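Q: Please walk me through a structure. How do I read its features, one by one?

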Amino acid sequence: MTGVALAEELLLLAYDDETGRATMPRISLDLGMAAAVLVELALAGRIAYADGSLTVTDPAPVGEPIIDGVLGRMAADTPHTPSSWVQRLRHGLRDKILGDLVARGVVRDVEETELGFIVVHRYPVADTSAEDDARRRLAEALAGDQVCDERTAALATLVAVLRMEPALGLTGDAAVDARRRLEEIAGGAGFSGNVSLDDSIVRPSVGLVVAALAQAVDQALRTEIATALGL
């Protein structure tokens with residue numbers, strides 16, 4: 001595997017470059033990153049969606065430790081629904097990805113103490129190249145009607161599901177327009193059920209996984225909101 005994993009791109013987009021703090025709810029980002037790791041495995045041809053579950057079709061490592069760890073865990077387990085897998089994988093995933101980014105010099109681990117005894121960590125960006133690339137691809141996708149590649153379409157879909165328009169620096173009408181375009185990208189890729197997978201810009205196997213995961217994350221977030229509101 002080459003390039004930056006989708007989960008890393010989501011995290012870099014979600015963290016403020018200077019303060020090193022997340023700009024969105026923890027549960028949203030954690031679910032999104034779990035889904036992103038599974039999408040990565042689909043893009044690599046390692047998992048597929050069939051009969052309501054995600055199954056391993058090729059257990060060969062892809063060459064990225066965190067993603068290979070998830071693949072090994074899935075291969076050793078029975079098939080589970082996309083909803084089950086995003087919940088199973090989200091715990092501890094953020095810390096692993098942050099640790100990897102720190103080790104590679106992409107972000108810095110700044111340890112501080114608040115109220116005299118609470119230890120907190122911030123992760124300001126040290127090398128912006130990976131985040132810059134993700135932002136550039138999304139900006140190009142939002143700016144026109146050109147066809148996205150599979151990876152950018154998948155990233156755009158996750159950004160839409162997680163409602164990350166503010167992380168792109170967009171507010172007001174610009175955010176509304178961006179959300180509409182993100183949904184168009186997801187639809188054109190066959191990720192939202194509006195386009196036949198045979199006519200989509202991605203492989204049907206990938207489209208099925210992304211569509212199922214997007215639905216799972218959206219439902220999980222709705223459940224979290226309802227629980228918080230006592231509904």
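A: Start with burial: buried means under 20% relative accessible area, exposed over 50%, partly exposed in between (1.4 Å probe, protein chains only). Here, 48% of the 231 residues of the protein chain count as buried. This is a predicted model: local features need pLDDT of at least 70, side-chain atom pairs count only at pLDDT 80 or more, and totals for chains, interfaces and linings use all residues. Residues are numbered from 1 along each chain as its sequence is written, and side-chain values use heavy atoms, with hydrogens and water left out.

Q: How many helices and strands does the protein chain have?
A: Helices (H or I, at least four residues) and strands (E, at least two) are DSSP runs, numbered from the N terminus. The protein chain has nine helices and four strands. Their order along the sequence is α-α-β-β-α-α-α-β-β-α-α-α-α.

Q: How do I describe two packed helices?
A: Give the angle between their axes and the distance between the axes. Axes are lines fitted to C-alpha atoms, for helices over the stretch in contact, and angles run from 0 to 180 degrees between N-to-C directions. The axes of H1 and helix H5 (residues 93-103) come within 11 Å and cross at roughly 85 degrees. So H1 is roughly perpendicular to H5 (under 35 degrees counts as roughly parallel, over 145 as roughly antiparallel, 65 to 115 as roughly perpendicular, the rest as oblique).

Q: Which residues in H1 and H5 meet?
A: Contact means heavy atoms within 4.5 Å. Ala7, Glu8, Leu11 and Leu12 in H1 meet Arg94, Ile97, Leu98, Asp100 and Leu101 in H5.
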